[in-house]
Amino acid sequence: MNVDGTLQDYIVALAEATRKHPDLTLGVSPRGTLALLKAAQAFAAIRGRDYVIPDDIKILVPLTFSHRLILKPEAELRGSTARTILEDVLEKTPLDLDSMNS
């Protein structure tokens, strides 16, 4: 199953962004990045593709990352959830599509 290097880098960047997020005590581990990669490959295969696209990753981030996060108590008091934090991470983590397949 082909996963472009740019998308692999994007998965790592998303995990790193969770580890640096101010509302989290604990972000996604390297094992979580592997889980997302494998889930994206399986999702693409189910959809009849032998390659992963960015939307595969974006759809699966909340499903594969949310249970791996530990929120700071003050973030929870403000109403933050794992899902809202992951939405923020997805919004703020750039994906350079120009470098794909180059």
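Me: What makes helix 2 oblique to helix 3?

Reply: Helix 2 (residues 30–46) and helix 3 (residues 54–65) pack at an angle of about 130 degrees, and their axes are 9 Å apart. Angles under 35 degrees count as roughly parallel, over 145 as roughly antiparallel, and 65 to 115 as roughly perpendicular, while the rest are oblique. The angle of about 130 degrees belongs to the rest, so helix 2 is oblique to helix 3. The axes are lines fitted to C-alpha atoms, for helices over the stretch in contact, and the angle is taken between N-to-C directions on a scale from 0 to 180 degrees. The helices themselves are DSSP runs (H or I, at least four residues; strands are E, at least two), numbered from the N terminus.

The model is a predicted one, in which local features need pLDDT of at least 70 and side-chain atom pairs count only at pLDDT 80 or more, whereas totals for chains, interfaces and linings use all residues. Residues are numbered from 1 along each chain as its sequence is written, and side-chain values use heavy atoms, with hydrogens and water left out.

Me: Which hand does the crossing of helix 2 and helix 3 have?

Reply: The crossing is right-handed. The near helix is turned clockwise from the far one in a right-handed crossing, and anticlockwise by less than a right angle in a left-handed one.

Me: Which residues meet where helix 2 packs on helix 3?

Reply: From helix 2, Gly-32, Thr-33, Leu-36, Ala-39, Ala-40, Phe-43 and Ala-44 take part, and they meet Asp-56, Ile-57, Ile-59, Leu-60, Val-61, Thr-64 and Phe-65 in helix 3. Contact here means heavy atoms within 4.5 Å. The residues divide into ten nonpolar, three polar and one charged. In this scheme Ala, Val, Leu, Ile, Met, Phe, Trp, Tyr, Cys and Pro are nonpolar, Asp, Glu, Lys and Arg are charged, and the others, Gly among them, are polar.

Me: Why is helix 1 called oblique to helix 5?

Reply: The axes of helix 1 and helix 5 come within 10 Å and cross at roughly 130 degrees. Helix 1 is therefore oblique to helix 5, and their crossing is right-handed. Tyr-10, Leu-14, Ala-17 and Thr-18 of helix 1 make the contact with Leu-86, Val-89 and Leu-90 of helix 5. By class, these residues are six nonpolar, one polar and no charged.

Me: How do you know whether Asp-23 is buried or exposed?

Reply: The relative accessible area decides: under 20% is buried, over 50% exposed, and in between partly exposed (1.4 Å probe, protein chains only). Asp-23 stands at 16%, so this residue is buried. Arg-49, at 16%, is buried, as is Asp-56, at 1%. Lys-92 reaches 60% and is exposed, whereas Asp-88, at 21%, is partly exposed.

Me: Why is Ala-15 called buried?

Reply: The relative accessibility of Ala-15 is 0%, so Ala-15 counts as buried. Ala-15 belongs to helix 1. Beyond its neighbours within four places in sequence, Ala-15 is in contact with Val-28, Thr-33 and Phe-65. Ala-15 and Thr-33 are 18 residues apart in sequence, and their C-alpha atoms are 6.4 Å apart in space.
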